[in-house]
Amino acid sequence: MTALFCWLVASVYAQVTLSGKVTDKEDGTPLVGVNIRVDKSLSGGTTNGKGEFTISNLPEGKHVLSFTYVGCTPQHFTAEGSNKNIHINMEGSYNNIGQVVVTGTGTHRRMTDSPVPVSVITAKEIGNANVSTLEEALVKLTPNISSYTNGMGTTMSLNGINEDYVLILENGKRLAGEDRYTRVNVANIKRIEILNGAVSALYGSDAIGGVINIITDDAKNTVNVSSYTHYSSEGRWTEALNADVNAGKLSSYTSYQRRQAGSWQNNPIDENGYETGKPTSVGFYSNTVNQRFVFNATDKLSFYVRGTYYDNKTRRPQDAKYFAKSKDKYVEKDAYTYDLKHGTYTYGAGMKYMINRSAYIDAEFYSDNFSSDYVYFKKTGDYMPGDEVTRKRVHYYNGNVKGIFKVGSYNKLSVGMEYVNEQLKSESDNISFENMYTMALYAQDEIKLMRNLQAVVGLRYIYNENFQNYATPNVSLMYKWGGLNLRAAYAAGFRTPTLSQLYATDESKTSNRYTVGNPNLKPEKNNFYSLNAEYNYRWISVSVTGFINDIRDMINYRTLSDEEIAAMGLEDKHSQFSEIRQRDNVNKAKAKGLSFNATVNLGAGFRVSGGYTYMDTQARQLKDGVYEESPIDKSIRHMGNMNGQWEHSWGFYRLNANLHGHLQGERYSQTYGYAPKYQQWDLNTRHTFNLKAIILEPGVGIENLFDKTDDRPWNNNFSTLNPGRSVYVSLSVRFNK
């Protein structure tokens with residue numbers, strides 16, 4: 001302990017400072033936002049508007065700096081002692097093979113060197129597409145993600161599997177509750193890493209379909225302040241503010257985002273031919289505040305605390321009417337009597353300690369707390385205007401300790417333990433309090449078998465208080481041959497039923513259904529297999545992936561028989577509702593797919609890229625002892641995107657013009673049948689003025705260039721809720737020092 005204290009004291013007085021400038025080798029212009037990592041250290045930096053950087057408080061000795069930037073070949077620089085005149089010229093790269101990723105292995109690797117295939121959406125791609133939400137970024141910039149929005153909210157689907165089976169992470173930490181997409185500040189995203197397929201060994205429950213990991217941009221400049229504004233038709237407005245300050249060993253990262261939109265109708269007629277006041281898309285507003293403090297005690301020891309506050313409230317039209325069937329005729333009723341209010345607050349603290357050049361430890365505790373309420377603005381039954389009724393309270397607690405150890409020259413071992421506790425309360429679902437905990441031990445080894453052959457092997461042991469013991473393995477192999485990467489992967493998945501699925505009841509007057517929970521549910525399990533081939537050479541990059549996701553004991557709804565209703569004492573409910581149903585393990589599902597992605601650099605600033613995914617999904621539901629087959633709910637057989645862009649610089653001004661298309665085939669709904677196929681094309685322009693300390697980026701473009709809408713009557717399975725062609729304007733302002 002005394003030796004550790006002395007080492008810390010000595011480190012405090014370390015005076016090594018490294019600073020310099022990074023420029024483009026072709027034209028000598030400064031590069032903004034270059035990421036700089038110090039080898040065998042937790043320290044790092046980012047270039048400012050002048051392309052300059054400073055990294056302080058390093059111990060005496062040799063330091064290797066790694067410079068990475070989207071669109072450039074990675075560079076390295078070795079420094080002995082302080083050096084304030086480092087000059088790095090970065091050369092453009094046709095393929096972004098130097099991109100660093102952490103998802104899949106849990107350790108930093110170049111994307112082209114990862115045995116686990118991971119796709120990446122960069123901040124530059126998000127900016128070029130001028131998207132203002134995470135949902136837009138995922139749907140527009142990847143060919144295997146789709147979204148579905150109705151009155152209950154937005155549901156995402158990855159490779160034919162809905163979001164219940166996809167783990168959403170922010171900087172490696174799980175986002176719990178609902179509204180996981182809308183509370184992410186897109187203006188503060190550094191990159192989005194997407195892993196297709198089961199990875200429960202490393203990430204635990206919910207990772208049956210894949211992982212989406214949002215990495216935020218924590219700039220290392222002395223002062224980094226930015227603002228992003230985006231406005232388009234129907235009152236769709238986004239405002240995001242970020243303020244980062246680095247003062248010696250203490251850093252503060254603050255962000256705020258405001259989003260809002262009005263309501264709109266694509267068709268004022270409902271499915272029965274009557275006029276309806278229910279909008280196609282309901283208006284809302286939301287606010288998100290994030291704060292994180294980091295204390296870098298030394299270049300090998302850091303501590304941090306973080307917190308988030310989020311609120312979202314619908315803006316339903318309070319005087320809207322609609323026609324509902326009552327006995328043998330249709331009568332006019334209030335369309336809405338309440339708004340939905342969602343709120344989330346999170347808090348957490350952690351530390352990172354690099355023991356030596358071959359080992360470090362990462363530990364954190366955090367909590368994600370979600371609430372949902374009905375807020376009445378009209379008298380409804382016993383509820384008066386202003387009354388709030390608890391729809392759901394979810395508390396999620398996570399404690400995690402992980403160590404990464406380099407064992408010799410051929411192995412990198414990750415071991416850890418995790419404790420998760422989930423709590424649920426719901427007044428509307430008649431849940432006073434339910435609780436469930438899970439403990440897990442996991443280990444993963446990254447093995448270099450030979451010069452061109454690598455493997456990742458992992459295993460997670462799980463103990464859940466309701467479902468006892470289970471183990472999930474995974475293995476990935478990659479063989480490199482010049483510019484060709486060949487990968488094969490297998491992973492087993494395990495997903496425990498949620499507390500809502502186990503205990504919640506639900507009354508739906510609209511569909512005339514009553515749903516009860518099932519405390520006898522079994523965990524859902526799967527086997528995932530994939531093959532991937534990736535080729536990178538100069539001006540072209542091509543990737544092909546085939547996969548099979550086989551899920552068993554899948555949870556769905558089962559209609560109860562009269563005998564079961566009587567045995568459960570639900571006769572009174574049966575007199576009020578036409579259908580009584582219960583959640584049960586009644587489905588087997590299989591998703592088979594082939595995904596193709598390509599990027600071609602044509603020179604002179606022109607670049608084209610695109611992707612296509614073919615899905616064949618099958619859900620087998622057990623009814624009366626017989627399996628009935630259908631596609632998986634919300635699945636789409638054909639999806640794709642296309643992107644063409646041109647970029648050119650004239651001194652301090654750079655223009656980026658981008659034409660983007662999203663295409664999808666028919667989407668299946670178990671309740672409503674098929675939604676028609678759909679495509680949307682957007683034209684975006686971004687204008688960058690680099691004024692050294694200040695960077696201005698106004699944008700203007702046309703969304704839905706060909707005015708494609710789904711204007712069928714209200715209450716259909718809509719292919720899109722887009723209101724039609726609209727012009728948008730945006731402005732990004734960044735100050736870096």
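**Exercise 1. Strand β14**

Determine how many of the five residues of β14 are buried, and which way each points.

Solution. Five of the five residues of β14 are buried, so the strand is largely enclosed by the rest of the structure. Buried means under 20% relative accessible area, exposed over 50%, and partly exposed in between, with a 1.4 Å probe and protein chains only. Strands here are DSSP runs of E with at least two residues, helices are runs of H or I with at least four, and both are numbered from the N terminus. The model is a predicted one: local features need pLDDT of at least 70, side-chain atom pairs count only at pLDDT 80 or more, and totals for chains, interfaces and linings use all residues. Residues are numbered from 1 along each chain as its sequence is written, and side-chain values use heavy atoms, with hydrogens and water left out.

Next, take the directions. V166, I168 and E170 point one way from β14, while L167 and L169 point the other way. In a regular strand the side chains alternate between the two faces of the sheet.

**Exercise 2. The sheet around β14**

Find the strand order of the open sheet of five strands, and identify the partners of β14.

Solution. Step one is the order, which reads β10-β16-β17-β14-β15, with mixed pairing. The edges are held by β10 (118-122) and β15 (173-174), each with a single partner strand, so one side of each is left without a neighbour in the sheet. Two strands pair if DSSP finds at least two bridges between them.

Step two is the parallel partner. β14 (residues 166-170) pairs with β17 (residues 210-216) in the parallel sense over five bridges, and E170 stands opposite I214 in β17.

Step three is the antiparallel partner. β14 and β15 are joined by two bridges, with L169 opposite R174 in β15. The hairpin of β14 and β15 has two residues between the strands, and N171 takes a positive phi near 55° there.

Helix α3 (residues 134-141) lies across β10, β16 (189-196) and β17, running at about 55° to β16. Axes are lines fitted to C-alpha atoms, for helices over the stretch in contact (heavy atoms within 4.5 Å). Angles run from 0 to 180 degrees between N-to-C directions.

**Exercise 3. The largest cavity**

State the volume of the largest cavity and describe its lining.

Solution. Rolling a probe the size of a water molecule over the atoms shows where empty space is left. On a 1 Å grid over the protein atoms alone, a cavity is a set of points where a 1.4 Å probe fits but cannot get out, and lining residues have an atom within 4 Å of a point. Grid points are joined across faces, edges and corners, and a volume is the space filled by probe spheres set on the points. The count comes to three cavities of 30 Å³ or more.

The largest cavity has a volume of about 130 Å³. Of the 13 residues that line it, E170, L175, R183, T308 and T346 are the closest to its centre. β15, β21 (283-298), β22 (301-315) and β26 (359-376) each give two or more residues to this lining. The most come from β26, with three residues.

By class, the lining has two nonpolar, five polar and six charged residues. Nonpolar covers Ala, Val, Leu, Ile, Met, Phe, Trp, Tyr, Cys and Pro; charged covers Asp, Glu, Lys and Arg; the others, Gly among them, are polar.

**Exercise 4. Pairing of β36**

Work out how β36 pairs with β35 and with β37.

Solution. β35 (residues 524-537) and β36 (residues 540-559) pair in the antiparallel sense over 13 bridges, and N536 has S541 as its bridge partner in β36. The two strands form a hairpin with two residues between them, and R538 in the turn has a positive phi of about 50°.

On to β37 (residues 579-603): β36 pairs with this strand in the antiparallel sense over 18 bridges. The bridge partner of V544 in β37 is F596.

Definitions and conventions:
On a 1 Å grid over the protein atoms alone, a cavity is a set of points where a 1.4 Å probe fits but cannot get out, and a pocket is an open set with protein on both sides within 12 Å along at least five of seven lines; lining residues have an atom within 4 Å of a point.
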